[in-house]
Amino acid sequence: MISEFEFSAVHLKKVDHETQRRSASCIWCSKVCSFILLLVFITASYILSCKRKTLLFDPYLMEEDLSEDALRDVVQSISAKVKFRARRVPDVSELIILEEHMFSVAPKRFLPDVKNPCWFQELRGDVSVDPYGSNLFGRSFRPIQHIFEQLSVSFRQLVTRHDGKLQRLRCLPYFYIIGQPKCGTTDLYERLRLHPDVRLTQPKEPHWWSRKRLGVFQYGGRPHTRFPLDHYLDLFDPVTLQIQQSLLGNSSSNIITGEASASTMWDNNAWLYLHGNSRGAEPPALVQDFIHALQPDARFIAILRDPVERLYSDYLYFSTSDKSALDFHQKVCESLWMFEDCLRDAGLRACVYNNTLNNAMSVRLQVGLYVLFLLDWLSVFSRDQLLVLRLEDHALNPELSMSRIFHFLRLGALSDQKQRQISKRPASNTRRASDRDLGPMRADTRELLSLFYSPFNQRLAQVLQDESFTWDARSEHA
């Protein structure tokens, strides 16, 4: 039998042990909680103190921020800050440092008897190995892999011997359809494919210059493996084979090749991952700088539309759920506030090319600022190398717009039958039925966006010397 004293002693030891265990547990919990609170405090302090520097925008607005007067004030504040300043164009030596491999692949001069920018590249290593086996386009996209499998069978036809060295013909695009998204680039692509002297890449949009070159797979994504220039050139091998057959037959070739990545004109977001994205900074080099350094005689086609309608079409196409005119209105309001906030501390170009801001905005306002992109392209290319069209004109008279394109690309005359086939082709990539059922945007959204885009459209019309690019109803019917 255990005495009462012994039982009490044992019981007290157990209680004391339990008390110590609980006390230790409480101390541990207290330390964890204190650490968490410290982290929260530090993070909150960092966000509050560095909000402007890092563009950590709060997308949630108070009800008074969405009032008509408040939103008008925001847009007027943006308009007051719009300044079109000339950019600094980098030297070729600076570009070579950024893209050493690219400049080691492409020559300074192209073959004189070929309309396309082509050259012979010396083959090194084991030529019996599948030349497309490691191509990242083929590994990433099944349709391209099938094309490469067919090309590998006929690859020996691309190989020639000159001065005892094995060579293959390489070609860059003769022309580029550079933008803008939701402005009719797909329709131009499909109609151009019907011309007997035009060969366009598959896929329509390689996005090499703006994204894949830097390892970015999709808009707003982080970089992965960078696609080298050689892998991009492989996409043009089907037409390169045809051009080479003409050369070997001692005949000139009028065939031209092109591609239609609608991101080329405006998407320089990936520069952030290479050079950092501090508040107020601008990209040290743009896509067009590298294209100009490689092929200064390239030609470019841009098709634009009313930026207000473009933005709504963009929203309907890329949004996945809960689409409505009200949701679009709210997203526009949030994005306008963010854009205005950026302009308080930074210049227009720094905000337009700011990856953090562009990813934060829930609609892509910046894509419709056509004149800024156009001016940046004209900083390196001459005006006669850029053909700028309006989707509204193309939709009304595709025969006229396609004739302008054929003349711009220096293509030969077509038969009446072929001309009709191209101009009468049904429009491509039109709005989905489910999106049409949502109806138009709200009247107050349209008014707000028209006010926002107005100074940019006015400047665009001045640059192009064409009042129709204001998308003002009065100039449309003048």
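**Terms and their grounds**

Visitor: What kind of model is this?
Guide: The model is predicted.

Visitor: Why is Asp-163 called exposed?
Guide: Asp-163 has a relative accessibility of 67%. Exposed means over 50%, so Asp-163 counts as exposed. Asp-163 is found in the loop between β2 and β3.

Visitor: What makes the backbone at Asp-163 worth a remark?
Guide: Asp-163 has a positive phi of about 55°, although it is not a glycine. Most residues other than glycine have a negative phi.

Visitor: Where else is there a positive phi, and is Lys-182 buried or exposed?
Guide: Lys-182, also not a glycine, has a positive phi of about 65°. Lys-182 is found in the loop between β4 and α7. Its relative accessibility is 16%; buried means under 20%, and therefore Lys-182 counts as buried.

Visitor: Why are β1 and β2 said to stand at the edges of their sheet?
Guide: Three strands form an open sheet in the order β1-β3-β2, with antiparallel pairing. β1 (118-122) and β2 (159-162) each have a single partner strand, so one side of each is left without a neighbour in the sheet. From one strand to the next, the twist averages 45°.

Visitor: In what sense do β7 and β8 pair?
Guide: Strand β7 (residues 299-304) pairs with β8 in the parallel sense over five bridges. The bridge partner of Leu-304 in β8 is Arg-390.

Visitor: What makes β8 a mostly covered strand?
Guide: In strand β8 (residues 386-390), five of its five residues are buried. On one side these are Leu-386, Val-388 and Arg-390, and on the other Leu-387 and Leu-389; both faces are covered.

Visitor: Why are α13 and α21 called roughly parallel?
Guide: α13 and helix α21 (residues 443-464) pack at an angle of about 25°, with their axes 10 Å apart. Angles under 35 degrees count as roughly parallel, and α13 and α21 are therefore roughly parallel to each other. Their crossing is left-handed.

Visitor: Which residues meet where α13 and α21 pack?
Guide: Phe-328, His-329, Val-332, Cys-333, Leu-336 and Phe-339 in α13 meet Asp-444, Thr-445, Leu-448, Leu-449 and Phe-452 in α21. By class, the residues of this contact divide into eight nonpolar, two polar and one charged.

Visitor: How do α12 and α13 pack?
Guide: Helix α12 (residues 307-318) and helix α13 (residues 325-343) make an angle of about 115°, and their axes are 11 Å apart. The crossing of α12 and α13 is right-handed. Leu-311, Tyr-312 and Tyr-315 in α12 meet Asp-327, Phe-328, Lys-331 and Val-332 in α13. This contact of α12 with α13 has five nonpolar, no polar and two charged residues.

Visitor: Is Glu-340 buried or exposed, and how do you know?
Guide: Glu-340 lies in helix α13. Its relative accessible area is 6%; buried means under 20%, so Glu-340 is buried. Leaving aside neighbours within four places in sequence, Glu-340 is in contact with Val-74, Ser-77, Ile-78 and Lys-81.

Terms used
Residues are numbered from 1 along each chain as its sequence is written. This is a predicted model: local features need pLDDT of at least 70, side-chain atom pairs count only at pLDDT 80 or more; totals for chains, interfaces and linings use all residues. Side-chain values use heavy atoms; hydrogens and water are left out. Buried means under 20% relative accessible area, exposed over 50%, partly exposed in between (1.4 Å probe, protein chains only). Helices (H or I, at least four residues) and strands (E, at least two) are DSSP runs, numbered from the N terminus. Two strands pair if DSSP finds at least two bridges between them. Axes are lines fitted to C-alpha atoms, for helices over the stretch in contact, and angles run from 0 to 180 degrees between N-to-C directions. A crossing is left-handed if the near helix is turned anticlockwise from the far one by less than a right angle, and right-handed if clockwise. Contact means heavy atoms within 4.5 Å. Ala, Val, Leu, Ile, Met, Phe, Trp, Tyr, Cys and Pro count as nonpolar, Asp, Glu, Lys and Arg as charged, and the others, Gly among them, as polar. Angles under 35 degrees count as roughly parallel, over 145 as roughly antiparallel, 65 to 115 as roughly perpendicular and the rest as oblique.
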